[in-house]
Amino acid sequence: MAEKVQSLESLLKSAEDIFKQEFGAPADIAVSAPGRVNLIGEHTDYNDGFVMPMALPLVTVVVGRRICGEIATVVTTNKEVDEPRKITIDMPNPNALVKTLEHTGPKWGLYVKGVISNYVGGCPAGFQAVIHTNVPTGGGLSSSASLEVGIYTFLDALTGSTSVSSNDKALACQRAEHQYAGMPCGIMDQFISVMGKEGNALLIDCRSMNSELIPLDDPKIVVLVTNSNVKHELTGSEYPTRRKHCEEAALLLKKVSLRDANESDIQYLKSIEADEVLIKRARHVVSEIQRTVQGATALKERNYNKFGQLMIESHNSLRDDYEVSCPEIDSLVELALKVDGVLGSRITGGGFGGCTVTLVNADAVDKVIENINKNYKGKATFYVCKPSAGARILKAYKFPE
Ligand code: GAF
């Protein structure tokens, strides 16, 4: 059986109850920000390429209230993160040019501090907040971006700020992750968490930051997310290395980024006997950008067989050329593809564990789950997901116009 995703209303109610117990007063602000699953376009965002994620019904909720003074007290209910799960932050002086906060404390708190110090809306004062989430931690579904975007949206609700564009909001959250978590991520995860729309995937051009809604609301088709529940601790070191390989390949080709490369550039790399690893990385990125653009057309035409085929090619390229898969994930993809009615399946997110995404006819979902439960060596978790909304303010102060 797929997991029953806790509704936003029920998640919000629990968060508000916990806030009241913790701080002895009701929360008067509430926001939510989703995790994401990427349908196609993996490791292309930091190459200025295209990606096509959708926002998930799995969300991070932040509830709280403003208080007098310059101290923020933030509690997370997530049992999977480091302790302490309650931190206090001296809010940066709103007039200071540089709002750097100390890089100390638990990692989840660094995301919070990163967003506060990169916030470009109004002047956040002191506050109390509870963070409550059902996005699996470290499962490749962007729990970090949903936390960053959740905190940013909370600060918007706290200050009444509406002055910043969605792109700038996503960029501020990306800077928070670069500076405070040391993860040189692309823009995909923050962008979709801000901009997701119900019933649609989003084709994002990571160079121009323009995006196009791609309807994905056919009741006969299901997006099944399968969590391998494994996390090989490689993402931290391997992700920056992949990024470096891409930059090196682009440099050899005298291109701004691999977005500007094509198949003849791969032939050129071979002809100058460039390092085999760089050739493989570049081949993945060049072909994945093409697949993503083709995938968007296929989805618009409701050509799910074509889209599924592109997903399979994407997975093979990520496994063989980009080398970011792992045996558990490969096994989940193979087990899904064995079932009639499965259109495509692939690894999703940064890699080295986490989740797969499978496009499947609605009447075959149970058989996929059954086949995986029977044959997968570990314990998988399943989510049947509909494209959902981006970050939202659920409850706010009334600010004068
Ligand atoms: C992680 C990163 F945060 C994204 O920016 C993206 O590069 C993804 O890995 C791979 O497509 O989620």
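Colleague: Helices (H or I, at least four residues) and strands (E, at least two) are DSSP runs here, numbered from the N terminus. With that in mind, where does P84 lie?

Modeller: This is a predicted model, and in it P84 sits in the loop between β3 (71-76) and β4 (86-90).

Colleague: What is the peptide bond from E83 to P84 like, cis or trans?

Modeller: The bond joining E83 to P84 is cis, and its omega is near -5°. As background, most peptide bonds are trans, and most residues other than glycine have a negative phi.

Colleague: Thanks! Which residues surround the ligand?

Modeller: N38, E42, H43, D45, Y46, C185, G186, M188, D189, G349 and G350 are around the ligand.

Colleague: And how do the residues of that shell divide into nonpolar, polar and charged?

Modeller: The shell around the ligand has 5 polar residues, 3 nonpolar and 3 charged.

Colleague: Let me pick H43 from that list. What is its phi?

Modeller: Phi of H43 is positive, about 60°, although H43 is not a glycine. You'll find H43 in the loop between β1 (29-40) and β2.

Colleague: Is H43 buried or exposed?

Modeller: Buried: H43 has 27 other C-beta atoms within 10 Å, and the cut-off for buried is 20 or more.

Colleague: Changing topic: what are the domains of the chain?

Modeller: The domain assignment gives domain 1 (8-214 + 388-395) and domain 2 (218-385). Their C-alpha centres are 26 Å apart. Domain 1 puts 29 residues into the contact and domain 2 puts in 36.

Colleague: Which element gives the most to the side of domain 1 that touches domain 2?

Modeller: That's β2, with 6 residues. Each of β1, β2 and β6 (200-205) supplies at least two residues of that side. By type, the side of domain 1 that touches domain 2 divides into 17 nonpolar, 9 polar and 3 charged residues.

Colleague: Nice. Which residues touch the most other members of the largest nonpolar core?

Modeller: M52, V63 and A282 do, in a core of 116 residues. Strand β2 (residues 50-66) gives the largest share of this core, 11 residues. Domain 1 and domain 2 both give residues to the core, so it lies between them. In soluble globular proteins, nonpolar side chains tend to be buried together.

Colleague: What does UniProt list for residues 19-66?

Modeller: The unreviewed UniProt entry has "domain: Galactokinase N-terminal" there. In the model, residues 19-66 are 60% strand and 10% helix, with end C-alpha atoms 13 Å apart.

Colleague: And which annotation covers residues 112-197?

Modeller: "domain: GHMP kinase N-terminal", again from the unreviewed UniProt entry. That span is 56% helix and 8% strand, and its end C-alpha atoms lie 25 Å apart.

Colleague: Last one: is K270 buried or exposed?

Modeller: K270 is exposed, with 12 other C-beta atoms within 10 Å. K270 belongs to helix α7 (residues 263-271). Its C-alpha atom is separated by 34 Å from that of K231, 39 residues apart along the chain.

Technical notes:
Residues numbered from 1 in each chain as written. Predicted model: local features only at pLDDT ≥ 70, side-chain atom pairs only at ≥ 80, totals over all residues. Near = placed C-beta within 6 Å. Nonpolar A, V, L, I, M, F, W, Y, C, P; charged D, E, K, R; others polar. UniProt positions renumbered as here; feature names shortened; annotations may be inferred. Core = buried A, V, L, I, M, F, W, Y, C linked by C-beta atoms within 7 Å. Domains from an automatic or database assignment. Contact = placed C-beta atoms within 7 Å.
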